[in-house]
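Work through the two exercises below with the sequence and the model at hand, and try each task before reading its solution.

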Protein chains: 2
Amino acid sequence: MSLPDDTRYLKGGPVAKRIMAEVARDAAKATAEGFPPKLVSITVGDVEAVGVYVRNQRAKAEQAGIGFEERNFPADLTAAELEAAIHGMNADPRVTGIIIQRPVPRHIPIKAIQAAVHPLKDVEGMHPASIGNIVYNELDLAPCTAAASVELLKETGLDLKGLEVVVVGHSEIVGKPIAFLLMSEGATVTVCHHMTRSVAAHARRADALFVAVGKPRLIKADMVKPGAAVIDIGINTETGPDGKERIVGDVDTDSVKEVASWITPVPGGVGPITVSILLRNTMVALARQRALYQATYGTAE
Amino acid sequence: MSLPDDTRYLKGGPVAKRIMAEVARDAAKATAEGFPPKLVSITVGDVEAVGVYVRNQRAKAEQAGIGFEERNFPADLTAAELEAAIHGMNADPRVTGIIIQRPVPRHIPIKAIQAAVHPLKDVEGMHPASIGNIVYNELDLAPCTAAASVELLKETGLDLKGLEVVVVGHSEIVGKPIAFLLMSEGATVTVCHHMTRSVAAHARRADALFVAVGKPRLIKADMVKPGAAVIDIGINTETGPDGKERIVGDVDTDSVKEVASWITPVPGGVGPITVSILLRNTMVALARQRALYQATYGTAE
């Protein structure tokens with residue numbers, strides 16, 4: 001695959017590497033100061049499906065100097081028992097952040113469980129209060145995929161103030177948070193979705209186009225403004241001409257790269273950044289916990 | 001002022017009346033069941049400036065059968081003392097909702113104080129968790145002005161699914177919540193603000209235009225799509241040709257009404273609805289508190 005001279009791939013690897021270095025520096029400092037960061041990963045029942053994700057999180061966390069503890073609960077655990085376990089972790093000063101690995105068994109109400117994680121330990125950025133804080137322009141702890149996508153846009157060097165941004169997909173943890181993050185940075189943001197009359201009409205006027213709908217190759221070249229930045233958050237599996245399964249995004253990369261000035265590859269774009277954002281969130285959570293500790297137990301002014 | 005035959009004023013009065021009737025019915029039922037709703041209004045220091053608002057809230061609350069208690073604290077109260085008082089109200093089962101009247105003295109950090117109100121008693125809908133819940137499509141408890149504005153749009157009978165909505169103004173408690181509320185209803189929403197390159201270009205393609213920026217007559221007829229619904233949330237004071245002060249909105253009503261199919265008068269549009277939304281939020285809060293009470297102390301299934 002080659003790109004015209006004026007088009008650049010927005011690759012996640014270098015961004016992830018830069019964030020990882022910052023996290024490792026912060027984690028070493030916090031540990032030396034007596035506050036070693038630690039993540040607890042919660043799985044319920046059979047964890048085969050999420051095994052590869054959890055192993056990757058563990059490897060990256062340990063690489064950055066962040067502790068990583070796996071807690072697997074039996075599949076017949078009740079929601080009340082899981083909530084009680086989470087409350088214990090909320091109160092445990094050794095636990096910096098809590099990750100609820102999905103999926104969980106059907107009898108566990110995932111939203112209620114996520115809301116049981118104390119906002120100060122919500123490293124996934126998915127608690128309603130975390131989402132609300134973004135709306136209130138407190139941008140440093142956001143849902144990982146949304147934050148990773150915004151990091152890639154920033155890599156272009158485009159001035160976000162007044163930038164015309166179109167987000168295709170209005171999910172609570174990707175599309176909408178991308179919209180608020182960029183509104184807070186000064187962009188003019190439109191959110192499209194399956195009920196939008198003409199996604200193409202909006203997409204074509206976007207300086208930056210984010211796509212997160214889970215539809216392979218939904219966005220074609222004629223839906224993209226020449227010179228735009230295209231951030232593809234979709235992860236879809238399709239069978240290639242060689243009969244093998246492969247991962248493709250929501251954007252028809254081959255045609256769109258002839259039009260766009262920047263485009264994320266899939267895989268290799270947003271994906272590699274998300275775990276580094278999870279770890280950065282962990283350090284943000286630790287800093288907030290330390291500030292509360294200081295305010296509660298520190299010397300009075 | 002007269003309107004062309006096909007243009008209608010979206011007046012707040014009848015909407016407020018309908019909501020008040022619903023609230024009164026719910027409040028009477030809850031009281032009969034042993035859960036009388038009660039609001040506590042907090043003022044700090046000199047309350048002259050907010051006196052008229054508080055008196056109006058009290059009158060409307062009592063009219064709907066909701067208790068209303070005014071708590072005035074001295075101007076030299078510390079933030080910690082105010083937080084402690086709020087924590088007491090959070091724990092008091094007789095208090096359904098807490099209103100922090102603004103302004104508060106400068107040494108009181110208003111955001112921290114608002115966040116100290118338990119989300120279950122946040123009838124103003126301004127706690128980060130309340131804002132986050134809207135993002136998560138739980139729409140029944142929203143900031144009062146935002147919810148009032150959306151009520152007026154619904155009065156048009158327009159189908160919100162796929163409706164092209166433009167919100168001018170990206171404040172945390174008006175512009176942004178309007179955007180999420182309407183995204184959740186299926187609209188395609190764009191949020192513009194002072195950094196937007198051309199507000200006019202966006203405004204002109206809007207089926208529904210919300211304006212909340214505090215600039216008198218910002219929106220002229222040439223910025224409005226023929227047949228649009230225009231919701232004017234601005235409240236500005238200007239001196240009229242007779243030398244008297246008068247209230248005008250952010251929309252140049254006289255010219256825009258020649259183009260729009262619906263337009264809110266200012267005053268008399270969004271304003272009259274906000275207190276009824278506050279009272280409706282009180283009943284939503286009470287229902288959530290009762291559900292928690294039931295889940296905690298009720299008979300097990």
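A residue counts as buried when its relative accessible area is under 20%, as exposed when that area is over 50%, and as partly exposed in between. The model examined here is predicted.

**Exercise 1.** Determine which residues of helix H3 of chain B are buried, and where they lie around the helix axis.

*Solution.* Begin with the extent of the helix: H3 of chain B covers residues 79-91, and its 13 residues reach 18 Å from the first C-alpha to the last, close to the 18 Å expected at 1.5 Å a residue. Next, apply the cut-off, which gives B:Ala79, B:Leu82, B:Ala85, B:Ile86, B:Met89 and B:Asn90 as the buried residues of H3(B). Viewed down the axis of H3(B), these buried residues fall within an arc of 150°, and therefore they line one face of the helix. On the other side of H3(B), B:Ala80 and B:Ala91 are exposed. Finally, look for the packing partners of the buried residues, which are strands E2 (38-44), E3 (67-73) and E4 (97-100) together with helix H4 (110-116), of chain B.

**Exercise 2.** Locate A:His170 and A:Ser171 within the "binding site" annotation, and list what A:His170 touches beyond four places in sequence.

*Solution.* The unreviewed UniProt entry annotates A:Gly169, A:His170, A:Ser171 and A:Ile235 as "binding site". A:His170 is placed in the loop between strand E5 (164-168) and helix H7 (175-184) of chain A, and A:Ser171 is in the loop between E5 and H7 of chain A. Beyond four places in sequence, A:His170 touches A:Gly175, A:Lys176, A:Val191, A:Cys192, A:His193, A:His194, A:Met195 and B:Met183. With the same exclusion, A:Ser171 touches A:Lys176 and A:Pro177; A:Ser171 is partly exposed, because its relative accessible area is 28%.

Terms used: Residues are numbered from 1 along each chain as its sequence is written. Chains are lettered from A and ligands numbered from 1 in the order in which they are written. This is a predicted model: local features need pLDDT of at least 70, side-chain atom pairs count only at pLDDT 80 or more; totals for chains, interfaces and linings use all residues. Side-chain values use heavy atoms; hydrogens and water are left out. UniProt positions are given in the numbering used here, feature names are shortened, and annotations may be inferred rather than shown by experiment. Helices (H or I, at least four residues) and strands (E, at least two) are DSSP runs, numbered from the N terminus. Contact means heavy atoms within 4.5 Å. Buried means under 20% relative accessible area, exposed over 50%, partly exposed in between (1.4 Å probe, protein chains only). The expected span of a helix is 1.5 Å times one less than its number of residues. The arc is that of the directions from the helix axis to the C-beta atoms.
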